[in-house]
Structures are given as structure tokens and as C-alpha cells.
Amino acid sequence: MKFMKLGSKPDAFQAEGKTVRYVSSELATDAIINVGEVKFYLHKFPLLSKSNCLQKLLLKANEENEDEIHIADFPGGPKAFEICAKFCYGMTVTLNAYNVVAARCAAEYLDMSEDVDRGNLIFKIEVFLNSSIFRSWKDSIIVLQTTKSLLPWSEDLKILGRCIDSIASKTSVDPANISWSYTYNRKLADPDRIVEDGVKFPEKMESIPKDWWVEDICELDIDLYKRVMIAVKSKGRMDGTVIGEALKTYAVRWLPDSVDALISDAHTWRNKSLVETIICLLPSDKGVGCSSTFLLKLLKVAILVGADESSRENLINRISLKLHEASLKDLLIPARSPQSTVYDVELVQCILKQFLMHEKFNRDVDVEKNEKGAENFVLELGSLLNVGRLIDGYVAEIARDRNLSLSSFIDLAQMIPGSARPIHDGLYKAIDIYLKEHPSLTKVERKKICGLMDVKKLTMDASMHAAQNERLPLRTVVQVLFFEQMKNVRRQKQLKTVEHLIGRCVK
């Protein structure tokens with residue numbers, strides 16, 4: 001940690017209990033200054049020579065025949081005032097990342113500027129901040145944390161803004177050029193430590209990862225974290241994937257694991273604010289940055305803590321762009337009152353609808369521009385097939401829910417286009433589960449749900465199972481047997497054709 005020592009005289013400040021401070025001197029004190037609950041017995045001359053504010057306060061007290069001066073709203077409190085007082089006396093005082101902001105705000109309050117005395121406290125602190133503190137990664141973070149308790153002084157003096165800019169600038173540096181210490185899930189070993197002054201050890205060092213800075217700034221409160229991340233993004237040099245990793249790390253660090261802790265009265269507002277902030281900080285390119293798993297977990301939390309509608313819509317849109325990467329477990333989002341189902345089926349329908357809209361838009365744009373190549377076609381078809389399998393698996397899972405209505409089952413199953421479902425085995429499995437868990441369905445309802453399935457697109461194993469399935473309507477079983485027989489006939493014809501060709505070749 002960087003530090004700066006001011007003054008050369010021995011520290012002569014003495015304490016009497018917790019509320020009295022005085023200077024040990026042969027000269028009698030002639031100024032009593034109350035800062036908060038602490039009373040300082042001091043001498044006028046050293047104070048008047050450095051502080052324009054104290055000059056005015058002591059003059060006013062003298063004119064009004066007051067024995068004491070009272071300062072109730074002093075930035076940094078008694079400790080910061082003591083630093084300023086010691087500087088006035090020329091006593092040794094040490095400034096570091098933990099107290100420099102308080103000392104700077106206190107010096108501003110006391111007007112310890114160059115107009116009063118050359119080389120005054122404000123000037124010296126500014127030199128220290130610019131030459132040391134803001135050049136140090138860790139010290140910049142410590143200083144930023146101290147600014148919150150000193151608002152609005154730290155904001156007005158632009159310390160907070162300069163500190164944020166310092167941190168954001170360092171995160172944007174090419175990792176190969178980093179010359180300050182950092183933490184990354186471990187303490188650095190001597191061979192790969194990078195020291196503060198930029199002198200590197202001669203041993204070969206491991207490459208520094210792009211997200212080396214992510215964990216360090218996780219210690220910031222959400223409001224400061226938000227400002228730092230906005231500054232990082234504004235630099236325009238940070239990869240969206242790293243931004244996403246940073247947000248994920250922060251969410252894991254601060255969001256509780258249990259549902260009870262998330263929605264507890266004591267922390268609901270804080271968790272809601274945290275989630276909404278993380279959502280608004282997501283990378284601007286909605287197709288990159290965060291995995292679908294993380295986004296869906298974030299959506300679950302957003303629903304639980306009651307995040308605003310715009311935040312939820314933002315997440316749903318982002319998830320729809322990466323739905324093809326999601327897993328079945330990711331989609332199992334618990335339903336909330338007044339819904340009676342176990343899982344939030346309407347939410348998944350909404351996500352799927354958005355995905356299909358994006359997919360159609362991209363296809364139309366490609367056709368319009370006539371630029372769609374074979375590679376793009378394969379990628380888009382692959383995504384569509386993945387979503388088809390995913391939704392069939394989801395439908396099979398929710399089919400076990402006794403409270404799932406037939407219309408909800410059918411509506412969701414029908415949303416998948418034919419091109420995304422070349423094989424109907426997954427849909428057949430979902431239908432079979434629903435029929436098993438809902439034995440009270442009428443013949444008309446069983447016929448309707450089985451109408452979703454194209455028996456021609458069942459594999460042999462699924463067809464064999466369906467042909468013996470007593471839960472299926474007789475008409476469906478007959479169709480399965482008929483088309484399976486047709487397949488067998490075609491296979492036999494193909495086999496005979498092959499045998500005939502082989503015979504000709506032998507001759």
C-alpha cells in the first residue's frame with residue numbers, strides 16, 4: 001500500500017478519555033474546537049497559518065465572546081480533523097488509501113489551500129493522489145470504498161470520479177502490459193508476482209487472464225460497482241464475455257443461495273436493486289457475454305425479488321437469443337401465484353415465442369440480402385433443432401404436473417415448427433406421460449393430444465412402443481401399425497432391388 005508522511009515534529013497529541021484531545025506543550029492552549037463529540041484543546045497560531053476557515057471561525061467566536069467553536073458536520077469526523085490539526089503543527093502524520101479521502105475532504109472544509117499558505121495540505125494530498133494512489137490498482141479500490149461515507153464531498157471534489165476512471169482505465173489495459181499487483185482466485189507465487197512499482201521478477205511469468213480484475217471489484221457496494229462497470233464499458237475496449245463473467249461473479253458473491261434469504265423482508269429491496277443493476281449492466285450485444293444458464297438463473301431471481309417489468313423483458317429477450325444453448329434444468333422455473341402449475345409454462349412460451357421471432361427475422365433478412373451461405377444455414381438449423389429437442393424435453397417434464405391443462409400442453413407443443421422436429425419420439429414421450437398422469441381425459445381430448453404427433457416421424461423403437469400402448473386411441477395405434485407396415489414393405493422392396501443389382505453385377 002502506498003503512503004505519504006507529512007511533517008517532521010513528534011506527535012504531541014494526547015487523549016483524555018474518548019472525547020478530549022489536547023496538545024502536550026509548555027504553552028497554554030487558547031482555542032477549543034468541538035468536532036462531533038470530541039473536544040480539541042489547541043493553539044490559535046498554527047491553525048490560523050494554514051486554515052482560512054478556522055481564521056474566520058476563531059474571529060467570529062472572539063467577536064461574539066464565545067469560548068468554544070462547534071463544528072457538527074465536519075467531513076471525516078474527529079479523526080480527519082486531527083490529521084489536519086497535526087499538519088498545522090508540523091507533526092508527523094501518515095496518509096494512506098484508508099484516510100486520504102477523509103483528509104482531503106477535511107482540508108477542503110477548512111480551506112487549507114495555496115491561497116493561505118504555499119505547500120498547504122490540499123496541494124500535498126492532490127500530489128499524493130495523482131502520483132501514487134490513482135496509479136495503484138489496489139489503493140484505487142480501497143479509496144473508492146472510502147468515498148461513500150464522505151458524500152457529497154468526495155463527489156464534489158471529483159475524487160470519486162477520478163478513482164473510478166483510474167480503475168476502469170486499468171481494466172482496459174492489455175494484460176501483457178500490466179505492471180501492478182492483482183488477485184485472481186489465488187495469492188501470487190513469487191515467480192509470477194508483479195510488484196507495484198513495475199519491476200518484474202526475472203523468472204518466466206504465467207500469462208495474465210483477461211478477467212484478472214473481476215474478483216477485486218466484487219468487494220464494492222452495488223452503487224459503486226455500477227459506476228465502475230459503466231466506466232469500464234464506456235472505454236469500449238472490454239470484451240463482452242469478460243463483462244458477462246464479471247457480472248456473474250458479482251451476482252454469485254452477493255446474491256444469497258436460498259429462496260428464503262432472497263425474499264426476506266430485511267433484504268428484498270437490496271436484492272431487487274442488485275438484480276436490476278446487474279441486468280442493466282449486461283453487455284450491449286445481447287447475443288454474447290453471458291451464458292443462457294446464468295441468464296435463466298438471473299431471471300428466476302428477478303421474478304422472486306419482484307424486479308421491474310422492463311428488467312424481466314430485457315432478460316427474456318436476451319435468453320431467447322441463446323435458447324438453443326439452454327438445458328432442460330435451466331427452463332424449470334417455478335411458477336408463482338396465481339399460477340397453479342409447478343413450473344412457469346407461460347414464461348417458457350414467451351421465451352420460445354421470442355426465439356422464433358428472432359429466427360424468422362434472421363431468415364427473412366438473409367433471404368432479402370441473398371447472402372445466406374451454407375455455413376449460416378447449418379448453424380441456424382442446428383440451433384432450431386436444439387430448441388426443438390429442448391422444448392420436447394420440457395413438455396415431457398411438465399406433463400407430469402396434474403394441474404397442467406390440456407390447452408397449455410398443446411399450445412406449447414404446437415409452437416415448435418416442423419423443421420425443428422424431424423423426429424417425433426420426444427413429442428410421443430411427452431404425450432404418453434401426459435396421458436398416464438391425466439387418466440380422466442375424454443376420448444376427444446386423447447384424440448386431440450395425439451393429433452399433435454405425426455406417426456410417420458416415429459423411429460422403429462417408438463413405433464413398437466406406441467403399437468402396444470393402451471393409453472393411445474385405437475385410431476392412433478392403427479395409424480402406427482399401418483405406417484410401420486408401409487416402412488417394412490418399402491424396406492423389403494429396397495432389399496430386393498439391392499439383391500437384383502448384386503445379381504447383375506455377379507453375372
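Select Ile217 and, skipping neighbours within four places in sequence, you'll find it in contact (heavy atoms within 4.5 Å) with Trp137, Ile141, Ile167, Tyr225, Val228, Met229 and Tyr250. You're looking at a predicted model, where local features need pLDDT of at least 70, side-chain atom pairs count only at pLDDT 80 or more, and totals for chains, interfaces and linings use all residues. Residues are numbered from 1 along each chain as its sequence is written, and side-chain values use heavy atoms, leaving out hydrogens and water.

Together with Ile217, they have the most contacts inside the largest nonpolar core, which has 151 residues. Such a core is a set of buried Ala, Val, Leu, Ile, Met, Phe, Trp, Tyr and Cys residues joined through side-chain atoms within 4.5 Å; buried means under 20% relative accessible area with a 1.4 Å probe, protein chains only. Helix H13 gives this core its largest share, 9 residues.

E5 (residues 38-42) runs antiparallel to E4, joined by 5 bridges, and Ile32 stands opposite Tyr41. In the hairpin between them, click Gly36: its phi is positive, near 65 degrees. E6 (residues 68-71) runs parallel to E4 with 4 bridges; there, His70 is the bridge partner of Asn34.

Key. Buried < 20%, exposed > 50% of the residue type's maximum accessible area, 1.4 Å probe, protein only. Helix = DSSP H or I, 4+ residues; strand = E, 2+ residues; numbered from the N terminus. Pairing = 2+ DSSP bridges.
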